[in-house]
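Subject: Structure for you to look at

Hello,

Here is the structure I said I would pass on. Please open it first, then read the notes below with it on screen.

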Amino acid sequence: MTFETAFTIDTSSIKYGPGVTREVGYEMKRFGAKRVAVFTDQRLSRSEPVSITLQALGAEGIETAIFDRVRVEPTDVSFKEAIRFAGDGKFDGFVAVGGGSSIDTAKAANLYSTYPTDFLAYVNPPIGEGLPVPGALRPLIAIPTTAGTGSETTGVAVFDLLEMHCKTGIAHRALRPWMGIIDPHNTRTLPKMVAACTGFDILSHALESLTALPYHQRSAPANPTLRPAYQGSNPISDVWASRAVQMVAENIVRAVEESNEEARAQMLLAACFAGIGFGNAGVHLPHGMSYPVSGMVRSYIPEDYPLDHAIIPHGMSVILNAPAVFRFTAPSNPKRHLYAAELMGVDVSDADPLEAGNLLSSAIATLMRQLGIPNGLSAVGYTEQDVPKLVAGTLPQHRVTKLSPRPFNETDLKQLFLESLICWH
Ligand SMILES: [Zn+2]
């Protein structure tokens, strides 16, 4: 095998500032769009961020049509509905206002209305065919209203494939929004549990990209087109990921519990920083394991989420696996795991490298406990009997799990899920 010798860093253009949503019309006009579809969810459709967006686009003479049926944690069915809307509307630009769900839905709508084909064609293998996107997409501006996914900076769109009860996605550089508009005013009304889950998603993005298999330990692609978007950790993504870990550790409690303005602004920036990190380096086991955890939910509904469907929010399903995973991966690079713990505020000056995994995992668990995250998979409805199915649902998530810094097999995965049933005693 020849090892990889190159890596790339791509990101969206970013505009940051309190109140800067009002510049979306100016930006869309600059991109040449005249008829724009605005994607959002029902909870947000009458919110200030959406009305300011519509107003700003209208003020520049841009026609708009709103799609407010984005599903929180989208599915293939909800994606297809959005794709039909985009196809029928003959749009030349897209705006997404909302969390990762709205942004990812707009990415899919943009892709399939520009290059229509069978739905599974662009979906990640082995579930879909993983065909590369044929060319450039239309302008998409993402305006996040949660500080979490960092979807405004990445070329990834995630959804649940209902018939297989699993989460998968579409990943290609061309999906990346042309611009992310990051406006701290837009996270003012974030409910507590939503802020906590999305905050832990940021933390895990940053920790996973920081500890992912280094890019030069992956095999080299046969040609540059085949180089994956998720390339492994590298010196540039490390900078963004490290800073994001620190920002989350310093701000998550004040942002969630007090909705403190400055802390919320820092979390929104941290989401973007972590997005630049993992959008190029990738994530690994906590995300790979989270997909069946979310996909196989039976009846769990957390506080502050809509009551119409059972849901284990993305950030929650990720962080529940994280403590066990980092104990497992620490031996691959104890120094880096210790550094991650240090970024979270742990004093590691006299730490034994053998303790790296425990130190990092207990720092994560302490924050989870403090912010009311359930104590492990058993607290969201899973038992030991579910573990084989959770393992089976993780194995197809190659795109992310192959970036685990430590090789693993089915037995290891089983052990990781068993340890994740309860996170702290
Ligand atoms: Zn995530």
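Contact here means heavy atoms within 4.5 Å. In that sense, and not counting residues up to four places away in sequence, Met-368 touches Phe-200, Ile-319, Leu-320, Pro-323, Ile-373, Cys-423 and Trp-424. Please keep in mind that this is a predicted model.

Met-368 belongs to the largest nonpolar core, which has 77 residues. Among these, Phe-200, Leu-203, Leu-207, Met-344, Met-368, Ile-373 and Tyr-382 touch the most other members. Helix α5 gives the largest share of this core, 11 residues. As background, nonpolar side chains tend to be buried together in soluble globular proteins.

Next, the metal site. Which residues hold the zinc ion? Its protein donors are Asp-201 through OD, and His-205, His-287 and His-314, each through NE2. They lie 2.1 to 2.2 Å from the zinc ion. Along the chain, the donors follow the spacing D-x3-H-x81-H-x26-H. His-205 sits in helix α5 (residues 192-211) and His-287 in helix α8 (residues 285-295), so this pair, 82 residues apart, links distant parts of the chain. Both His-205 and His-287 are buried. The arrangement counts as irregular because the 4 donor atoms subtend angles of 87 to 171° around the zinc ion. For comparison, a tetrahedral site would need all angles between 85 and 135 degrees.

Gln-397 is in the loop between α13 (387-394) and α14 (398-401). Is this residue buried or exposed? Gln-397 counts as buried because its relative accessibility is 7%, and the cut-off for buried is under 20%. Its side chain reaches the backbone oxygen of Gly-393 at 3.4 Å. Leaving aside neighbours within four places in sequence, Gln-397 is in contact with Lys-167, Gly-288 and Tyr-291.

Now some helices. Helix α4 (residues 100-114) has 15 residues and spans 21 Å from its first C-alpha to its last, close to the 21 Å expected at 1.5 Å a residue. It is mostly covered, with 15 of its 15 residues buried. In helix α11 (residues 334-343), the buried residues are His-337, Leu-338, Ala-340, Ala-341 and Leu-343. What covers them includes α5, α6 (235-257), α10 (322-329) and α12 (356-370). Just after α11, Gly-345 takes a positive phi of about 100°.

Val-253 lies in helix α6. Apart from neighbours within four places in sequence, Val-253 is in contact with Glu-258, Leu-367, Gln-370 and Leu-371. The C-alpha atoms of Val-253 and Ala-65 are separated by 38 Å, and the two residues are 188 residues apart along the chain.

Finally, some backbone details in loops:

- Pro-125 and Pro-126 are joined by a cis peptide bond, with omega about 5°. Pro-126 is in the loop between α4 and β5 (140-144).
- Lys-90 is not a glycine, yet has a positive phi of about 50°. It is found in the loop between α3 (76-89) and β4 (93-98), and is exposed, with a relative accessible area of 67%.
- Asp-304, also a residue other than glycine, has a positive phi near 70°. It is found in the loop between α8 and α9 (314-319). Asp-304 is partly exposed, with a relative accessible area of 38%.

Regards

Conventions. Residues are numbered from 1 along each chain as its sequence is written. This is a predicted model: local features need pLDDT of at least 70, side-chain atom pairs count only at pLDDT 80 or more; totals for chains, interfaces and linings use all residues. Side-chain values use heavy atoms; hydrogens and water are left out. Donors are N, O and S atoms within 2.8 Å of the metal (3.2 Å for Na, K and Ca); water is not among the atoms, so sites may look incomplete. Four donors count as tetrahedral if all angles lie between 85 and 135 degrees; four count as square planar and six as octahedral if opposite donors are over 155 degrees apart and all others between 65 and 115; anything else is irregular. Helices (H or I, at least four residues) and strands (E, at least two) are DSSP runs, numbered from the N terminus. Buried means under 20% relative accessible area, exposed over 50%, partly exposed in between (1.4 Å probe, protein chains only). A polar contact is a pair of N or O atoms within 3.5 Å; within protein, one must be able to donate a hydrogen and the other to accept it, and residues adjacent in sequence count only if both atoms are side-chain atoms. The expected span of a helix is 1.5 Å times one less than its number of residues. A nonpolar core is a set of buried Ala, Val, Leu, Ile, Met, Phe, Trp, Tyr and Cys residues joined through side-chain atoms within 4.5 Å.
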